[in-house]
Structures are given as C-alpha cells and as structure tokens.
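Open your viewer and get ready to click along with this short tour. We will begin with one definition, take in the whole chain, and then visit some charged pairs.

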Amino acid sequence: MSDVSRPSPAPARTAAVIPAAGRGVRLGPGAPKALRALNGTPMLIHAVRALAASRAVSLVVVVAPPDGAGEVKSLLDVHALPERTDFLVVPGGETRQESVKLGLDALPPDYDIVLVHDAARPLVPVDTVDAVIEAVREGAPAVVPALPLADTVKEVEPAATPGDPEPVVATPQRARLRAVQTPQGFDRATLIRAHETVTDQVTDDAGMVEQLGLTVVVVPGHEEAFKVTRPLDLVLAEAVLARRRANDGF
C-alpha cells in the first residue's frame, strides 16, 4: 500500500452570466434598466461587483443589449472591478432566454459551474452567491436562492380587462411557497442541455431544468437580493447602500 496521498482534485471553476439586455419598461422611459444609476453607479456595475466578490467566481460574462456591447464594455473598463476576475461582454438576443444561451456559448470549456444572475438584483450579498456555488459543488444540478413569502398568495382567474375584479380560484399553502431570487447556479452540462431542449418561454433557468425532470434545490436567499423593477425599488436600493456605507465604510 502506498503512503503517497493523492492530491485532492481542484475545485470546479465557476463563471457567472449576467443577462443585461432588457429595456426595463416598468422603470419608465430612459436607459436600459441595467444601466440606470444607483448611488451614481450603473446597476449593472453593482451586480458585476456582487458576483465578482465571490472568490469562487473567476469569470463574469455580461450579455449586453444587441446594439450596446461597446457601451457596456466601456462601462466595465472605467469602473473599478476585482483584478482576479476576468470579464467578457457579448451581445444579447431578443429574449432573456436567448441572451443567457449566448452568454453560455461564450464560456471557455474549463468552467464546470455556471451562475445566472439578474442585473436588476444589484445588491445580492456574497454569502448568498457562495451558498449557491457550494450547493452545486456538492452535487445539485440546479440551485436557487429563495425566501419564504410574507404575504398570503391567491390564485385567481385573470380578468379579461385589467383592473376588473378577479375571482379567487385557490389559496396555496404559504409554508410550501418560496420567492425565488438569483444568482441561480447550475452544473454547466445540465444548463446547456436545458437550453438546447426546452423551447418554451420560461421565467427562469431553473424552470428549464425542472422541465428536464431534474431536481432543483433551494438555499436561503437574502432580503437585499431583491429585484429593482419599479421606481420605489430604486429608493430602497439607495437606502440599503447608505446603510452599508454607514456600517462597513462600503
């Protein structure tokens, strides 16, 4: 029996894809949502920094608006980003699903774990990012951070005319429901197979993996990983940043 111990395998390398090609109509007219300023810095830059804050993430791929890749690359160049992380900008597609696929296509072959993160979730804490990565490393094909719901949820029959009363169909058990956030983490081969197989429009990448019949697991999300979609969310995000600066000198 040999006394020579085998070296432990290197941890799987992790890349993050940030689709940032959407227009963000709910925030009103103006720049694409990801390029809206938050505390004087585009939301996209906050989101990129949030993912790059994880020491496990060595590449961040930003999927830009189809005609805005140059502008996004210039943004990344002029803002301070961690030197240990590589950054890549690729043009996106017409839908989020197309944009994520284009980001996946741009990944070098030596990445085994892929995170997909909403640019509109600029304040996700690094502990949440790391928890998602760790769960994938431990063998889950797909991982989503999520929070329990504070509100009771009603399933309704949608009104034909917006604003009309809607009859309640059912009240799901709140204890079994979760509000899903990002980054969502995946075994790379699983996510590629999902994008090649699932053609229906879905609201998140984990839903595509579910359609393959695979198990998606949930890890605890964080209240600061909320999605900025309305003007009121910008106010909340500014308040979170102000509290971080006060507490941490951030």
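Buried means under 20% relative accessible area, exposed means over 50%, and partly exposed lies in between (1.4 Å probe, protein chains only). Keep that in mind and select Glu224 and Arg244: both are buried. They form a salt bridge (a side-chain nitrogen of Lys or Arg within 4 Å of a carboxyl oxygen of Asp or Glu), with the closest N and O atoms 2.8 Å apart. Glu224 sits in the loop between β12 (216–220) and α7 (231–248) and Arg244 in helix α7, so this pair ties together parts 20 residues apart in sequence.

A word on what you are viewing: this is a predicted model, in which local features need pLDDT of at least 70 and side-chain atom pairs count only at pLDDT 80 or more, while totals for chains, interfaces and linings use all residues. Residues are numbered from 1 along each chain as its sequence is written, and side-chain values use heavy atoms, leaving out hydrogens and water.

Now zoom out and colour by secondary structure. The protein chain has seven helices and 12 strands, assigned as DSSP runs (helices H or I, at least four residues; strands E, at least two) and numbered from the N terminus. Of its 250 residues, 45% are buried. Along the principal axes, the C-alpha atoms fill a box of roughly 75 × 45 × 40 Å.

Next, show the charged side chains. How many salt bridges does a search of the whole structure find? The search finds nine. Select Asp118 and Arg96, whose closest N and O atoms are 3.1 Å apart in a salt bridge. Asp118 lies in the loop between β6 (113–116) and α4 (126–137), and Arg96 in helix α3 (residues 96–105), so the pair ties together parts 22 residues apart in sequence. Asp118 counts as buried at 10% relative accessibility, whereas Arg96 is partly exposed at 30%.

Lys101 is partly exposed at 26% relative accessibility, and Asp105 is partly exposed at 48%.

Last stop: Ala170, in strand β9 (residues 168–170). Leaving aside neighbours within four places in sequence, Ala170 is in contact (heavy atoms within 4.5 Å) with Val153, Lys154 and Glu155.
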